[in-house]
Amino acid sequence: MSNKFIGSLAGSIANNLMTDEKFTNMMGSRMATMIPERMADLGLKSDVFVAYAYGSYLCLSVDVQSADARRIIEKKAGKEKLQEYENFLGIFGMPQLNSSIDDTVASIIGQKLQVSLPIAMREKMKDRMGLDMRIIACSEGEQAAFLIGTLKELKEKKQEAA
């Protein structure tokens, strides 16, 4: 039996046994625990909490607090690239400069994750649980406008259904 079939079956059972609100709250709680653990494996320290839940809509706040550039480079590019990075930093021999470079690399990685993480999460949720989710990442500056627009959309859908 494939994970995809088991995921579809679990999604179907969840649809028949739980309200959208219960399922959303359960998923929010699980994701708020799971995401920081998975991000820690990548070298990212994060804080995740359910910012808003309504019906089948779930808004998670994911705040990446720090990134271990060396661990990320090793995980994503391998030990050889990590060694090249450390050799590059060794040229300068200045801890303050190395720290600044690490911070810049971590910032670049964070920006790339904002694009790649929602895609990867959507695929995993579909394969493992049979859930077809729309996952969107917003920068801090985009969050308020996105949430207001989404709440308006949810209200209109509720009115149409009534």
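Y52 is partly exposed, with a relative accessible area of 30%. Y57 is buried, at 13%. Here buried means under 20% relative accessible area, exposed over 50%, and partly exposed in between (1.4 Å probe, protein chains only). The model is predicted: local features need pLDDT of at least 70, side-chain atom pairs count only at pLDDT 80 or more, and totals for chains, interfaces and linings use all residues. Residues are numbered from 1 along each chain as its sequence is written, and side-chain values use heavy atoms, without hydrogens and water.

One aromatic pair is found in a search of the whole structure. The ring centres of Y52 and Y57 lie 6.2 Å apart and the planes meet at 55°, so the pair is tilted. Rings of Phe, Tyr and Trp (its six-membered ring) pair if their centres lie within 6.5 Å; planes under 30 degrees apart are stacked, over 60 edge-to-face, and the rest tilted.

Two packed helices are described by the angle and the distance between their axes. Helix α4 (residues 79-92) and α5 have axes that come within 9 Å and cross at roughly 145°. Axes are lines fitted to C-alpha atoms, for helices over the stretch in contact, and angles run from 0 to 180 degrees between N-to-C directions. Helices (H or I, at least four residues) and strands (E, at least two) are DSSP runs, numbered from the N terminus. Y85, F88, L89 and F92 of α4 contact L97, N98, I101, D102 and V105 of α5. Contact means heavy atoms within 4.5 Å.

The axes of helix α2 (residues 20-42) and helix α5 (residues 95-129) come within 14 Å and cross at roughly 120°. In α2, M27, R30, M31, I35, R38 and M39 meet L117, M121, M125, R128 and M129 in α5.
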